[in-house]
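Hello,

Here is the structure you asked about. My notes follow below it.

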Amino acid sequence: MLVYSEKINQFTKVLTSHFRRIMRQELGLTCHRSRFEWNGHYVPFHIVLFEQNNKWGYFDPSRYQIALHRSLMNYSLDIQLQVLKHEMAHFLTFLKYGNEVNDHGPEFKEQCKLLGGNGIERAYLSLPEVHKSQPNPNQKILDKIQKLLRLSHSQNPHEAQAAALKAAQYQQEYNLGQNDFNEYDEELIYVCMALEAKKMTPKIEAIYDVMDLFLVKPIVHRSKGRTGIEIIGSALNVETADYMAKFLSFEYERLWQDFKKNQLTEKANANHRKSFFKGLSLGLRQKLEADQNIQGVGKELMVLKNQLTKQLHLVYPRLSKQSYGGKSLNSDALLAGNKASASLQLRKGLNRAKNILLLSGEKK
């Protein structure tokens with residue numbers, strides 16, 4: 001997942017300035033605020049940080065995006081620039097050769113030489129032991145405890161208690177104090193692409209309409225040849241919403257196939273499909289909002305909604321208002337989808353999501 005915070009944004013701004021400097025001084029390219037000139041074209045670029053991956057970095061050609069591991073914030077500038085240049089070499093290789101060459105082949109090494117060489121061409125950089133600040137040797141167990149603490153806020157009292165007890169057990173076993181958790185004091189915002197396709201589909205549109213019910217902020221993200229739902233929020237909520245988006249995608253398709261086979265009296269078309277999915281999401285929203293009213297959590301949800309709006313602005317400060325076009329819906333398919341939503345067993349999906357997250361916390 002991508003991760004953002006005030007501190008992280010300041011760090012990526014510094015790296016972005018180094019990106020511009022390298023492009024101008026070492027490669028002789030004209031580089032603007034968020035684009036550089038390449039063979040008569042303006043090419044966008046973005047630098048972001050991520051977590052939960054064993055790579056130091058990667059280049060995403062569909063977004064013209066360089067992603068670096070958050071732990072690099074603990075290392076010296078020399079090491080940070082070494083990894084940055086490695087990914088810049090991937091960027092330049094893609095611009096020159098597309099996806100037709102090997103990731104670390106001669107074409108890539110050629111770009112590394114243009115960027116100064118010095119070992120940046122190695123696929124898995126060997127990071128030295130000496131750097132500005134030593135990473136916490138208990139980092140893995142700290143991450144595990146944080147995941148358990150997030151689960152300790154579950155609405156399931158047994159699950160919450162079990163997670164809290166396990167977190168306390170780890171903290172005592174490893175003799176961890178408050179100083180070990182200082183880096184977690186800053187609020188972190190996580191971003192994940194939940195569903196993705198070559199273009200926007202009726203099913204993705206419909207699932208987008210209910211993603212906010214899982215305590216995240218969804219946006220429609222479009223990049224080169226890809227469109228999908230990007231979700232923003234806390235780590236636990238993003239992980240849960242990501243699982244639920246995939247769960248709903250499977251369930252929506254299953255219910256549509258059942259409706260098409262057993263209830264639809266005319267030949268199915270794209271408008272039937274779109275209308276049925278829209279009905280599913282309308283029914284699901286009505287059901288979950290009714291549950292929230294019964295639980296009396298409206299005030300808490302309003303606070304969270306305002307918080308998510310602020311988080312969205314931190315991730316995408318210049319995001320314009322989003323909308324996607326639609327056409328008239330088939331009333332019969334819409335009503336059928338609404339009725340079919342009653343058979344969606346969300347509790348089963350949510351329980352699976354929480355069990356998976358808890359197990360992943362145990363195995364790290």
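On the face of α3 turned away from its buried side sit the exposed residues P106 and K113. Exposed means over 50% relative accessible area, buried under 20%, and partly exposed in between (1.4 Å probe, protein chains only). Helices are DSSP runs of H or I, at least four residues, numbered from the N terminus.

This is a predicted model: local features need pLDDT of at least 70, side-chain atom pairs count only at pLDDT 80 or more, and totals for chains, interfaces and linings use all residues. Residues are numbered from 1 along each chain as its sequence is written, and side-chain values use heavy atoms, with hydrogens and water left out.

Back to α3, residues 106–114. Its buried residues are F108, Q111 and C112. Seen down the axis of α3, they fall within an arc of 105° (taken from the directions from the helix axis to the C-beta atoms), so they line one face of the helix. They pack against α2 (77–97), with contact meaning heavy atoms within 4.5 Å. Just after α3, G116 has a positive phi of about 110°.

Next, R20 in helix α1 (residues 6–26). Leaving out residues up to four places away in sequence, R20 touches C31, H32, R33 and F45.

Best wishes

Methods:
Helices (H or I, at least four residues) and strands (E, at least two) are DSSP runs, numbered from the N terminus.
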